[in-house]
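Hi everyone, thanks for coming.

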Amino acid sequence: MYRMIYKSRSTEQMTLGLVRDIAAHSEVKNEKAGLTGVLLATQTHFLQVIEGTFEEVNLAFERIVHDERHFEFKLIAFSVIDARLFGGWGMRGIGVFDLNSQLERSLKKKYGEEDGGIRFPLEEWAALAFINDIKMMRELPEWKR
Ligand SMILES: Cc1cc2nc3c(=O)[nH]c(=O)nc-3n(C[C@H](O)[C@H](O)[C@H](O)COP(=O)(O)O)c2cc1C
């Protein structure tokens, strides 16, 4: 089993609707391919994790890297894994904008800022820590402003 992580810049300003559309379309295709993962978006960047077999992760990579909805593609990890981290998610789209200002401040302090939003990290461990922080914060009532 393999896990790929990348960061890219969105061609258009992202909205929750657009992220969810991409994730919903991806989910259908990923489920057929046995892929799981998560797609995070700020207004300007994506951070995506995709888990599955070597072959399927590579096929997904090839499809995604040529998609004109993003560019400045940065591969963060392509690793052998023992188990999936996002087993229940065919592709969950999460918008990291319009956060409660306190949560936004704490994420900016921890991970830095980019283009006025929270900066997605470029190190594998930090990217996974970031996603874990977001997963936990989404459970909080103050997640939404
Ligand atoms: C940020 C981003 C993430 C994407 N993630 C996936 C994905 O996880 N799986 C997938 O099949 N397609 C994903 N896509 C879509 C592919 O790039 C491509 O548009 C799609 O697979 C083509 O599907 P179609 O042939 O059904 O139109 C993503 C696109 C973008 C912009």
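Let me start with a term: two strands pair if DSSP finds at least two bridges between them. Strands themselves are DSSP runs of E with at least two residues, helices are runs of H or I with at least four, and both are numbered from the N terminus. This is a predicted model, where local features need pLDDT of at least 70, side-chain atom pairs count only at pLDDT 80 or more, and totals for chains, interfaces and linings use all residues. Residues are numbered from 1 along each chain as its sequence is written, and side-chain values use heavy atoms, leaving out hydrogens and water.

Strand β2, residues 36-41, and β3, residues 45-52, are antiparallel, with 6 bridges, and they make a hairpin with 3 residues between them. β2 also runs parallel to β5, residues 92-95, through 4 bridges; there, L40 stands opposite I94.

Is β2 buried or exposed? 6 of its 6 residues are buried, so the rest of the structure largely encloses this strand. Buried here is under 20% relative accessible area, exposed is over 50%, and partly exposed is in between, using a 1.4 Å probe and protein chains only.

Now the ligand. α1 (16-33), β3 and α2 (54-65) each give at least two residues to the shell around it, and α1 supplies the largest share, 5 residues. A polar side-chain atom of R63 is 2.9 Å from a ligand oxygen, while for H25 that distance is 3.0 Å.

Methods:
Polar contact = N/O pair within 3.5 Å; in protein donor to acceptor, adjacent residues only side chain to side chain.
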